Amino acid sequence: MSREGFQFGYRRHPDQDRVGEPAHHPVVIVGAGPVGLSLAIDLAQRGQRVVLLDDADRIGEGSRAICFSKRSLEVWDRLGVGSRMVEKGVVWQVGKVFRRGEMVYRFDLLPETGHKMPAFINLQQYYAEAFLVDRVQELPQIDLRWRNKVTALAQHNDHAVLTIETPDGPYRLAADYVVACDGARSALRGLVGAEFAGEVFEDQFLIADVKMTAEFPTERWFWFDPPFHSGQSALLHRQPDDVWRIDLQIGADADAAVERLPENVRPRIERMLGHGDFSFEWISVYKFQCRRMQRFLHERVIFAGDSAHQVSPFGARGANSGLEDSENLAWKLALVLRGDAPASLLESYESERSQAADDNIRHSTRSTDFIAPHSKQERRLRDAVLALAQDVDFAKRMVNAGRLSTPSVYDSPLSTPDVDPWFAGPRPGAALIDAPLRSADGEPLFLTDAFTQAGRNFVFLESANGVRAPLPAGVASLRIGDDAPLRDEQGAFAQRYDAAPGSAYLLRPDGYVAARFRHPTAGAIEAALARASGRAAS
């Protein structure tokens, strides 16, 4: 795919020719970045029609977000683009942390086998967006409109009305729900009168995407006080197309406009690499920000991704957290629009994703404080930890060059608490864990594949023992056992789920555990389903 393929044309829509009342749509999503595109696809696959607006006419420049987690890849796999992302991306799972020239810490993000998706891939955001746009264009339920900029908002009891500026002038759209995925500078956040609260860190980092041929291993390398950048920190990541992401700490007092000039960046990179045989793809300077909106629901407007919360880039928690927002919201909004759940179910989106935002901000702030200490005392403590980490295990656990993104775990009103003891397995409020399986005819597949094939509703995952509780209408069944449609020949499922015969998990449509049972009964399953779909609370 060439860069020319990232440019899209404006097209006038019949909605712009309406006189009187504006056209009404169930959902309007504002912002065609990874979060907005993923949400639109998810809703479309759940049978909902979506209008997706973006004020630009092209996919953004620069790699921007590059590290996409296993959980994000599993979500994208359900949306029909996971394999394409992995095939283009650079797969990695090992990271190394250095102090000066010595390695002090090494970690492996996925030491066990038997998972369909890797721990992480590195992939330039423009590729991720392009693959998602291709998928959008395959789905007639999605109406993607470029160069449509929202300029005004009016909220009513049962809908919202947007005023949209285009090259042909303004028009209006009405929607049952508007989802703001329009990024850190969200126009909709301003239109609802909301602000970010949190911390903006003064330290600055220089990003350079450098094209070169290099023999570095495909690992995440982070340096504290490296010989080539004394007193500061540095990060190196490999991307597709022989492009390498380099982050260099440049301090709070640096002049960003001067530092990003190629003639000033080049000597820094040459000192790092020991040669000048490279070219620049993209250069930028950024500051850490750890902030969030107080509320993600504002009547008929729902906020997701960077429009709702921001974190520092170390830990890859920005884009991955936004994708978790989209998967959390999509199934709930689809149930509400179909009339299968009360509107109050959407309050659980705010409850669950607010917890996740707070957790990501907490991890991100701790990473920032370790990478860029605020005081001489904090720096001395950091340096002591790094010195000890070369020889002492407990100090290795204290080294914080960015805690990498993992699936959120919710303390959720939708979860049914455990009644029986469990010694392993995802607890209520946690995401499903993948495992290798075989179909009855001997074909290998993964649990994540079986979950996707079961449909887009609740799934009852059971370790078969011949006795079955009747399932409520609309709940799909996945049975694993010697005489069941799925076989656990390697024993990984039994181990990862503490799956004694007869035990079972009720999975939400996003693959999160709603409840688990040692001895499921029809009444217990029905009660857990009512709770997980918001009907019990209503």
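Student: How much space lies in the second largest pocket?
Tutor: About 440 Å³. Keep in mind that this is a predicted model.

Student: Which residues lie nearest the centre of that second largest pocket?
Tutor: Lys70, Arg71, Ser405, Thr406 and Pro407. They belong to a lining of 22 residues.

Student: Which helix gives the largest share of the lining?
Tutor: Helix α2, residues 70–78. It supplies 3 residues to the second largest pocket.

Student: And how does that lining split by class?
Tutor: The second largest pocket has 12 nonpolar, 5 polar and 5 charged residues in its lining.

Student: You mentioned α1. Is it mostly covered or mostly open?
Tutor: Mostly covered. In α1, 12 of 12 residues are buried. They include Asp42 and Gln45, and both of these also line the largest cavity.

Student: How far apart are the end C-alpha atoms of α1?
Tutor: They are 16 Å apart. Helix α1 has 12 residues, 34–45, and at 1.5 Å a residue it should span 16 Å, so the two values agree.

Student: What follows α1?
Tutor: Gly47 follows, and its phi is positive, near 90°.

Student: Which residues other than glycine have a positive phi?
Tutor: Arg100 is one of them, with phi near 55°. Asp242 is another, with phi near 60°.

Student: Where are those two found?
Tutor: Both are in loops. Arg100 is between β5 (94–99) and β6. Asp242 is between β14 and β15 (243–249).

Student: Why does Arg100 count as partly exposed?
Tutor: Its relative accessibility is 42%.

Student: How many bridges join β13 to β14?
Tutor: There are 4. β13 covers residues 220–224, β14 covers residues 233–239, and the two run antiparallel. Trp223 stands opposite Ala234 in β14.

Student: Now β25. Which strands does it pair with?
Tutor: β22 (residues 459–463) pairs with β25 in the antiparallel sense over 4 bridges. β26 (residues 513–517) also runs antiparallel to β25, joined by 4 bridges.

Student: Which residues stand opposite Leu507?
Tutor: Val459 has Leu507 as its bridge partner in β25. Leu507 also stands opposite Val513 in β26.

Student: Which way do the side chains of β25 point?
Tutor: Ala504 and Leu506 point one way from β25, and Tyr505 and Leu507 point the other way. All are buried.

Student: What about the hairpin of β25 and β26?
Tutor: It has 5 residues between the strands. Gly511 takes a positive phi there, near 85°.

Student: Last topic. How many disulfides does the structure hold?
Tutor: It holds 0. Take Cys67, whose nearest cysteine sulfur, that of Cys290, is 17 Å away.

Student: Is Cys67 buried or exposed?
Tutor: Buried, at 12% relative accessibility. The cut-off for buried is under 20%. Cys181 is buried too, with a relative accessible area of 9%.

Definitions and conventions: Residues are numbered from 1 along each chain as its sequence is written. This is a predicted model: local features need pLDDT of at least 70, side-chain atom pairs count only at pLDDT 80 or more; totals for chains, interfaces and linings use all residues. Side-chain values use heavy atoms; hydrogens and water are left out. The expected span of a helix is 1.5 Å times one less than its number of residues. Buried means under 20% relative accessible area, exposed over 50%, partly exposed in between (1.4 Å probe, protein chains only). On a 1 Å grid over the protein atoms alone, a cavity is a set of points where a 1.4 Å probe fits but cannot get out, and a pocket is an open set with protein on both sides within 12 Å along at least five of seven lines; lining residues have an atom within 4 Å of a point. Grid points are joined across faces, edges and corners, and a volume is the space filled by probe spheres set on the points. Ala, Val, Leu, Ile, Met, Phe, Trp, Tyr, Cys and Pro count as nonpolar, Asp, Glu, Lys and Arg as charged, and the others, Gly among them, as polar. Two strands pair if DSSP finds at least two bridges between them. A disulfide is a pair of cysteine sulfur atoms within 2.5 Å.
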